[in-house]
Amino acid sequence: MTLLNDPPSGLITGTGSRLVAEEPERFRVHRDAMTSPAVLTEEQRRIFDHNWLYVGHESEIENPGDYVRRQVGGRPLFMVRGAKSNQVNVFHNSCTHRGAVVCRRDQGNAKVFQCFYHAWTFDSEGKLSGVPDREAYGNLDWEGLGLKRVARVASYRGFVFCCYDPDVVELETYLADAKDYLDLVVDAAPAGMEILRGTNEYGIDANWKLLVENSIDGYHAVSTHDTYFKYLVALGTDVSGGVDGVGRSLGNGHAVIDYRAPWGRPIAKWEPLFGDAARVEIDRLRAELTERFGEARARWMCEHNRNLLVYPNLIINDIQAVTVRTFMPVAVDRMIVTAWELAPRNEEPDVRQRRLDSFLTFLGPGGFATPDDVEALESCQQGFASGGVEWNDISRGMARPPAANDEAQMRAFWRRWRDDMDRDDLRSMP
Amino acid sequence: MTVPTESKAITQTAIEQFLYREARHLDDREFEKWLDCYADDVVFWMPSWGDDDLLTEDPQTDVSLIYYPNKGGLEDRVFRIRTERSSATSIPEPRTSHNITNVEVIERRGDLVDVRFNWHTMYFRYKTVDPYYGTSFYTIDFSGSSPLIRRKTVVLKNDYIHHVVDVYHI
């Protein structure tokens, strides 16, 4: 069954091209893309059912039986390390009997997952291991009644993704040049990276794609985050260099801004905020990376900030700290954001402390920057309601090599979005 | 700190009056007077919740919502609010109303008193009311002419946050 033959959904062809208008030096997105519930319905099928989506990080489930529960593409799932296979399993979180969720906590360790409704029990590999009064049934296919695996699951350097479309391209093909930027994050930590305890969860009354744009937007930094820059200046940071770098498309809708900025980086760029004592340690980290990767790559790792979008809804910002952020629409004008902090294992305690300070100062609902971003996004959504103006303009930088404060990286997202929304060969996924 | 041989009376009323005053400075946006309620060495901490539904335990290793090891961080926040250039915290001015209940003395060590209390802040902005509520744990130093907060740990119980959480919400 194709989407076109699926009357209840009411999907239309050519939605992407109707809403994204590209000319040689003009790029516009129709505001219906942010305000139309019909578009959101199409996105669910065309985008979230057919692209690789971030589930979690392998460090969150290190031991057999460790699990985390997640909403991925709007669906409740859980990811568990199998006790026998030691592999990462990702299951639809629904009892194969009558539907109740079988994993009812956000995180933990379990030998079995028992549905509390009728006590059907599944092991960490998804096998149905217990059914009360099994003799009441005839010859059921008990094997086939194990937990349903998500069609595709794969991991790249610790980042676990899944896809509901069994025919999707391999994850590494999908990630395209975004892989290089994931490598930069992971290579900086000789012992690997881990997600730290403590999850930030917040809601924004705005369309989800506005956060895509905002997360890779170098243009807004100086105006929206004025108070943050003032704060840095008050602490003695030289902000005269501003935000300086490039915006790049990485293929398949992925994109990055790669730039130098005034603030410090725990790996490894000192700033006054870190205190003089930290200078030695920062220099040591830098020297180590230079030895391992050479001067040029070490400079890239240490001095450049990288706001990375992995299409459609994963952001990995390697800035004052590394934040991993994913978000899902719950309505055309509302999204839920979940954010974690990623840090090197076995990090020196004072480096870890600086990393946490940097993270908290800038990021999260209690930080100096995120609330102002949220305010901006909500303000855009409110402005859309005014009507009159039909199109957003995303043309910045089309007439020159794109800088980090241009909008080339957003155009990369929107072109892929347009193509996804135009496709008429996509089935709805069970 | 040495325990005075004849310690002065620190009444429930004195403790409550101090908590009300601190909250009033936030509601009235008298942030400089609010800062005066804090000792220079105050540890101000609002932990995050983990996926395991437990609070993070160590601000040195886990992610918090807000953590400052001294008063400097609080001063930075007031500086930011006073610039009136943060659209999330300044314009339009949020209206808050702090409500404090269940004030309970946990321990007294000389002039230092550990208290816990429940709080409920109503926050009005853009014609919407967002509630913030939780329990706070203070260590208050009554040795000087006016009490000073030496430690403040805030447990935000509704941590699915709409938009923003700042010092004036808690």
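This is a predicted model: local features need pLDDT of at least 70, side-chain atom pairs count only at pLDDT 80 or more; totals for chains, interfaces and linings use all residues.
Residues are numbered from 1 along each chain as its sequence is written, chains are lettered from A and ligands numbered from 1 in the order in which they are written, and side-chain values use heavy atoms, with hydrogens and water left out.

Chain A is assigned domain 1 (53–167) and domain 2 (194–419); such bounds come from an automatic or database domain assignment. The C-alpha centres of these two domains of chain A lie 33 Å apart. Eleven residues of domain 1 are in contact with twelve residues of domain 2, where contact means heavy atoms within 4.5 Å. About 950 Å² is buried between the two domains, and carbon and sulfur atoms give 72% of that area. Buried area here is the accessible area (1.4 Å probe) that two parts lose on being put together, summed over both. On the side of domain 1, Tyr54(A), Ser59(A) and Phe159(A) lose the most area to domain 2, together 43% of what that side buries.

One salt bridge is counted between the two domains of chain A, a salt bridge being a side-chain nitrogen of Lys or Arg within 4 Å of a carboxyl oxygen of Asp or Glu. Arg345(A) and Glu62(A) form a salt bridge, with their closest N and O atoms 3.0 Å apart. On the side of domain 1 that touches domain 2, β3 (53–57) and β12 (159–163) of chain A are the elements that give two or more residues. Of the elements, β3(A) gives the most to that side, with three residues. Helices (H or I, at least four residues) and strands (E, at least two) are DSSP runs, numbered from the N terminus.

Next come the cores. A nonpolar core is a set of buried Ala, Val, Leu, Ile, Met, Phe, Trp, Tyr and Cys residues joined through side-chain atoms within 4.5 Å. Buried means under 20% relative accessible area, exposed over 50%, and partly exposed in between (1.4 Å probe, protein chains only). The largest nonpolar core has 157 residues, and Trp414(A) and Trp417(A) have the most contacts inside it. Helix α9 (residues 278–303) of chain A gives the most to this core, with seven residues. Domain 1 and domain 2 of chain A both give residues to this core, so the core lies between them. Another core, of 18 residues, lies apart from it and includes Phe78(A), Phe122(A), Leu145(A) and Leu147(A).

Leaving aside neighbours within four places in sequence, the residues in contact with Trp417(A) include Trp208(A), Tyr311(A), Glu43(A) and Lys209(A). The side chains of Glu43(A) and Lys209(A) themselves meet in a salt bridge (2.6 Å, N to O). This pair links distant parts of the chain, 166 residues apart, with Glu43(A) in helix α3 (residues 37–48) and Lys209(A) in helix α6 (residues 208–215) of chain A. Both Glu43(A) and Lys209(A) are buried.

Gln320(A) sits in the loop between β18 (314–318) and β19 (322–331) of chain A. Gln320(A) counts as buried because its relative accessibility is 1%. Its side chain and that of Tyr228(A) are joined by a polar contact of 3.1 Å. A polar contact is a pair of N or O atoms within 3.5 Å; within protein, one must be able to donate a hydrogen and the other to accept it, and residues adjacent in sequence count only if both atoms are side-chain atoms.

Chain A meets chain B through 40 residues from chain A and 40 residues from chain B. The area buried between these chains is about 3400 Å², with 47% given by carbon and sulfur atoms. Between the chains, 21 residue pairs are in polar contact (both at pLDDT 80 or more). On the side of chain A that touches chain B, α10(A) gives the most, with six residues. Four salt bridges are counted between the chains. Arg80(B) forms a salt bridge with Asp372(A), and their closest N and O atoms are 3.0 Å apart. Arg80(B) counts as buried at 1% relative accessibility, and Asp372(A) counts as buried at 0%.
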